[in-house]
Amino acid sequence: TERPSAAAPVQISPEQRYLKAVRDGLTGLYTPQHMSDTVSRWARFQDRDADQMVSVIVLDVDGMKGINVAFGNPVGDQVLARVAEAVRAQCRDEDLPVRIGGEVFALFLFGDNPDAAPSLASLLGSVVRNQTFATQDAPLRVTLSAGTTCRVHGEPMRQVLARADAARLASKAAGGDQVETR
């Protein structure tokens, strides 16, 4: 009798292939590839409508490397998944939540409220800070550092993302668990 090959190709439907391309496997948030396509369209739309704006939040989990070392990668993955869950719960349908990589997330908000990004970043920090993560040793609490900014009409989105990321790094440098706006 012939045994099936261990290397037999797995059949993936076009829908599954698409979801793997646009959604992060651990968090369910969008991928950077999907982000690039979407925010480019948003920027073009914003440039045609002076009343619209694109705001960006870049956030990360404070001390993530230490969490992985102290508690193991499964607990780290649980933290990332629950942070992503909090992000999805607070986002509107029209927002774009993205896992940039590792413990870094970005949220793109389209609308007309310049205070939306700092307010949402503060809310997410509070939601995550008030969660408890179970570990074998003791309950774990985590915090977020966030940077926010708004796009200026005509500005390249990579420049906007870099500014929000610089604000996130300033938040971390100031001790973390806070929001910096630029």
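## Alanine 106

Alanine 106 counts as buried because its relative accessibility is 0% (buried means under 20% relative accessible area, exposed over 50%, partly exposed in between, with a 1.4 Å probe and protein chains only). This residue sits in strand β3, which covers residues 104-111; strands are DSSP runs of E with at least two residues, helices are runs of H or I with at least four, and both are numbered from the N terminus. The model is predicted, so to speak of local features requires pLDDT of at least 70 and side-chain atom pairs count only at pLDDT 80 or more, while totals for chains, interfaces and linings use all residues. Residues are numbered from 1 along each chain as its sequence is written, and side-chain values use heavy atoms, with hydrogens and water left out.

Which residues surround alanine 106, leaving aside its neighbours within four places in sequence? Ile57, Val58, Leu96, Pro97, Val98, Ile100 and Leu161 are in contact with it, where contact means heavy atoms within 4.5 Å. Valine 56 is 50 residues away from alanine 106 in sequence, yet their C-alpha atoms are 6.9 Å apart in space.

## Helices α3 and α4

Helix α3 (residues 64-71) packs with α4 at an angle of about 140°, and their axes are 7 Å apart. Axes here are lines fitted to C-alpha atoms, for helices over the stretch in contact, and angles run from 0 to 180 degrees between N-to-C directions. The pair is therefore oblique (under 35 degrees is roughly parallel, over 145 roughly antiparallel, 65 to 115 roughly perpendicular and the rest oblique).

On the α3 side, Met64, Ile67, Asn68 and Phe71 make the contact, and on the α4 side Asn73, Val75, Gly76, Val79 and Leu80 do. By class, these residues are six nonpolar, three polar and no charged; Ala, Val, Leu, Ile, Met, Phe, Trp, Tyr, Cys and Pro count as nonpolar, Asp, Glu, Lys and Arg as charged, and the others, Gly among them, as polar.

## Helices α4 and α5

Helix α4 (residues 73-90) also packs with helix α5 (residues 116-129), at about 135° and with axes 10 Å apart. That makes α4 oblique to α5. Val83, Ala86, Val87 and Gln90 of α4 meet Leu120, Leu123, Leu124, Val127 and Val128 of α5. This contact has eight nonpolar residues, one polar and no charged ones.

## The whole chain

The protein chain has six helices and five strands, in the order α-α-β-α-α-β-β-α-β-α-β along the sequence. Of its 182 residues, 41% count as buried.
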